[in-house]
Number of protein chains: 2
Amino acid sequence: MELWYSQLQTDNIKFSIKVKEHLYTGKSPYQQIDIFDSEEMGIFLIIDGIVMLTSKDEFIYHDMIVHVPLATNPAIKKALVIGGGDGGTVRELTRYSSIEKIDMVEIDEMVVAAAKKFLPLTAGRLDDPRVSLYFEDGAEFLRNTKEKYDLIIVDSTDPIGPGEGLFTNEFYQNCYNALTDDGILVNQCESPFYEKNAKEMRRAISKINRLFPISEVYQYHMPTYPSGHWLFGFASKKFHPLHDFRPEKWTELGIETKYYNTDVHRGAFMLPTYVREQISRVEKSE
Amino acid sequence: MELWYSQLQTDNIKFSIKVKEHLYTGKSPYQQIDIFDSEEMGIFLIIDGIVMLTSKDEFIYHDMIVHVPLATNPAIKKALVIGGGDGGTVRELTRYSSIEKIDMVEIDEMVVAAAKKFLPLTAGRLDDPRVSLYFEDGAEFLRNTKEKYDLIIVDSTDPIGPGEGLFTNEFYQNCYNALTDDGILVNQCESPFYEKNAKEMRRAISKINRLFPISEVYQYHMPTYPSGHWLFGFASKKFHPLHDFRPEKWTELGIETKYYNTDVHRGAFMLPTYVREQISRVEKSE
């Protein structure tokens with residue numbers, strides 16, 4: 001018998017992974033959570049039918065969401081992670097001894113519980129003493145917090161279902177308000193290739209552009225996400241990810257990574273022409 | 001009724017495109033050729049069951065295989081294309097008025113005939129007066145040619161079936177011999193992500209490294225190829241793709257591109273750490 005997990009990446013494109021074992025299935029108040037084991041991708045996490053992470057390529061996503069802002073400003077001390085229930089973003093943050101406090105706000109406790117049980121690879125650092133977990137809505141948390149952060153990372157699902165509130169004007173405004181004067185916001189920013197993702201990318205960029213004096217987009221190769229060409233937004237009140245980047249400062253820290261390096265940092269901002277054009281259309285329409 | 005084309009990208013990963021119409025099927029002495037129409041990817045070409053190109057993302061591959069060497073040495077006058085039966089590589093070459101002669105050697109005349117009929121998007125410039133078509137084995141052509149080229153582009157299928165002879169030591173040596181003293185070789189170099197492709201990548205690099213004083217690898221985002229993270233090799237007797245690159249010279253030419261630009265040129269050589277490590281293991285084992 002062959003068991004395959006399949007995802008419709010668009011209405012017309014399907015991506016499938018051969019499954020060894022269906023390890024976990026659970027329905028939380030927010031979403032459907034499934035975890036599988038596979039030959040090719042190792043353990044992988046599915047939420048509402050969509051690949052969130054696989055053991056084989058999660059290092060790419062987590063390297064790029066954390067090390068780009070930390071290498072831009074190695075003085076970051078207080079970080080907030082919105083979403084990121086698998087724990088991978090927190091894991092990378094805990095590798096910086098300079099970081100004093102990490103708040104993680106994940107709406108769905110069941111995701112964290114499942115990750116702790118089946119994905120120690122990513123969830124293994126959630127018990128670091130610097131980490132506080134809040135199981136509540138990220139948008140609501142930001143509406144109410146009095147805390148100021150040097151870094152906010154929006155490690156969200158796509159803007160449908162529980163992730164939707166993390167793509168609104170009010171949410172980005174509250175991120176801005178909760179950042180220090182040299183704060184950085186990094187957000188999951190979809191993909192430029194399939195129109196379904198590109199539309200969400202342009203919407204997110206247009207909202208962030210209006211608020212932050214510095215707003216850039218960077219790319220990485222993410223094999224299990226639609227098209228494999230995926231983006232993060234980098235917004236900041238003060239630090240530019242290239243002009244203020246001092247590669248030797250990051251190299252001195254001696255952090256070992258499998259995807260990120262200081263050249264990749266720079267190359268990630270060198271976007272193909274068709275991606276630039278989408279971003280500049282957003283800017284012109286404002 | 002739903003019709004889907006599916007490709008096993010590895011034994012455990014499947015990629016599928018919803019099909020509107022099966023436009024063409026033919027069996028040549030070398031391979032099975034199929035052409036489909038689709039909502040998402042437009043017309044697409046399949047050889048021996050594997051995606052060769054789709055109308056939606058071919059611009060990425062053809063931009064990167066042609067404009068990187070041409071921007072490194074805009075004085076290129078004589079080019080040889082091995083493979084490339086769809087015509088997309090020749091199309092990009094013909095955009096340079098400085099190019100005087102393009103020889104294209106494609107083993108399979110049926111691929112060219114099918115592309116001319118169903119893929120004018122890529123095949124439309126094969127009748128440029130500077131182009132000569134040779135329907136013969138590329139390895140054999142290079143064994144016998146007395147011609148010297150400024151650029152050889154190996155636009156091959158994977159190293160199985162008729163493409164196999166384009167990944168041998170003898171083939172790369174004959175490329176070297178057929179290049180002028182400032183000649184450049186660009187070759188399809190597989191992908192670093194799935195081991196099946198990465199093994200072939202390392203084999204190709206190891207052979208090319210032994211012959212050429214300059215040997216680099218560059219990357220691009222190719223959504224319909226396995227993992228979406230794909231590579232070309234850049235080997236040269238004289239020109240380094242970064243040190244000898246003068247972006248303003250290329251920009252002056254006024255060539256419009258959808259993927260390539262002079263920043264992408266640089267960023268393409270900024271490889272993730274796990275890719276660098278594979279390449280440096282190859283170098284150490286020599």
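In chain B, helix α6(B) meets α7(B) through B:N169, B:Y172, B:Q173 and B:Y176 on one side and B:A204, B:K207, B:I208, B:R210 and B:L211 on the other. Bear in mind that this is a predicted model.

**Helix α6 against α7 in chain B**

- To find the pair, look for α6(B) at residues 169–177 and α7(B) at residues 195–211.
- The two helices pack at an angle of about 40°, and their axes are 10 Å apart.
- Because of that angle, α6(B) counts as oblique to α7(B).
- As for handedness, α6(B) and α7(B) cross in the right-handed sense.
- What sort of residues make up the contact of α6(B) with α7(B)? They split into five nonpolar, two polar and two charged.

**Helix α7 against α10 in chain B**

- Helix α7(B) also packs against α10(B), which covers residues 273–284.
- Here the axes come within 9 Å and cross at roughly 45°.
- The crossing of α7(B) with α10(B) is right-handed.
- On the α7(B) side, the contact residues are B:A198, B:M201, B:R202, B:I205, B:S206 and B:N209.
- Facing them from α10(B) are B:Q278, B:I279, B:V282 and B:E283.
- Sorted by type, the residues in the contact of α7(B) with α10(B) are five nonpolar, three polar and two charged.

**Helix α6 against α7 in chain A**

- Over in chain A, α6(A) runs over residues 169–177 and α7(A) over residues 195–211.
- Their axes lie 10 Å apart, with a packing angle of about 40°.
- That makes α6(A) oblique to α7(A).
- Left-handed or right-handed: which is the crossing of α6(A) and α7(A)? It's right-handed.
- From α6(A), the contact takes in A:N169, A:Y172, A:Q173 and A:Y176.
- From α7(A), it takes in A:A204, A:K207, A:I208, A:R210 and A:L211.
- The residues of the contact of α6(A) with α7(A) come out as five nonpolar, two polar and two charged.

- B:S215 sits in strand β12 of chain B, which spans residues 214–221.
- Which side chain does B:S215 join through a polar contact? The partner is B:N209, at 2.6 Å.
- B:N209 is also one of the α7(B) residues that meet α10(B).
- Apart from neighbours within four places in sequence, B:S215 touches B:I208, B:N209, B:F234 and B:A235.
- Of those, B:I208 also turns up in the contact between α6(B) and α7(B).
- B:S215 and B:S236 are 21 residues apart in sequence, with their C-alpha atoms 6.5 Å apart in space.

**B:E92, a buried glutamate**

- You'll find B:E92 in helix α2 of chain B, residues 88–93.
- Is B:E92 buried or exposed? Its relative accessibility is 4%, so B:E92 counts as buried.
- The side chain of B:E92 makes a polar contact of 2.7 Å with the side chain of B:H67.
- Setting aside neighbours within four places in sequence, B:E92 is in contact with B:H62, B:D63, B:V66 and B:H67.

**Positive phi in chain A**

- As background, most residues other than glycine have a negative phi.
- A:D48 isn't a glycine, yet its phi is positive, at about 50°.
- The loop that holds A:D48 runs between β5 (44–47) and β6 (50–54) of chain A.
- With a relative accessible area of 43%, A:D48 is partly exposed.
- A:E190, also a residue other than glycine, has a positive phi near 60°.
- Where does A:E190 lie? It's in the loop between β11 (179–188) and α7 of chain A.
- A:E190 has a relative accessibility of 1%, so A:E190 counts as buried.

**A:N177 in helix α6(A)**

- A:N177 belongs to helix α6 of chain A.
- Since its relative accessibility is 37%, A:N177 counts as partly exposed.
- A:N177 and A:R143 are separated by 34 residues in sequence, and the distance from C-alpha to C-alpha is 9.3 Å.

Notes:
Residues numbered from 1 in each chain as written. Chains lettered and ligands numbered in written order. Predicted model: local features only at pLDDT ≥ 70, side-chain atom pairs only at ≥ 80, totals over all residues. Heavy atoms only, no water. Axes fitted to C-alpha atoms, helices over the stretch in contact; angles between N-to-C directions. Helix = DSSP H or I, 4+ residues; strand = E, 2+ residues; numbered from the N terminus. Left-handed = near helix turned anticlockwise from the far one by under 90°. Contact = heavy atoms within 4.5 Å. Nonpolar A, V, L, I, M, F, W, Y, C, P; charged D, E, K, R; others polar. Buried < 20%, exposed > 50% of the residue type's maximum accessible area, 1.4 Å probe, protein only. Polar contact = N/O pair within 3.5 Å; in protein donor to acceptor, adjacent residues only side chain to side chain. Parallel < 35°, antiparallel > 145°, perpendicular 65-115°, else oblique.
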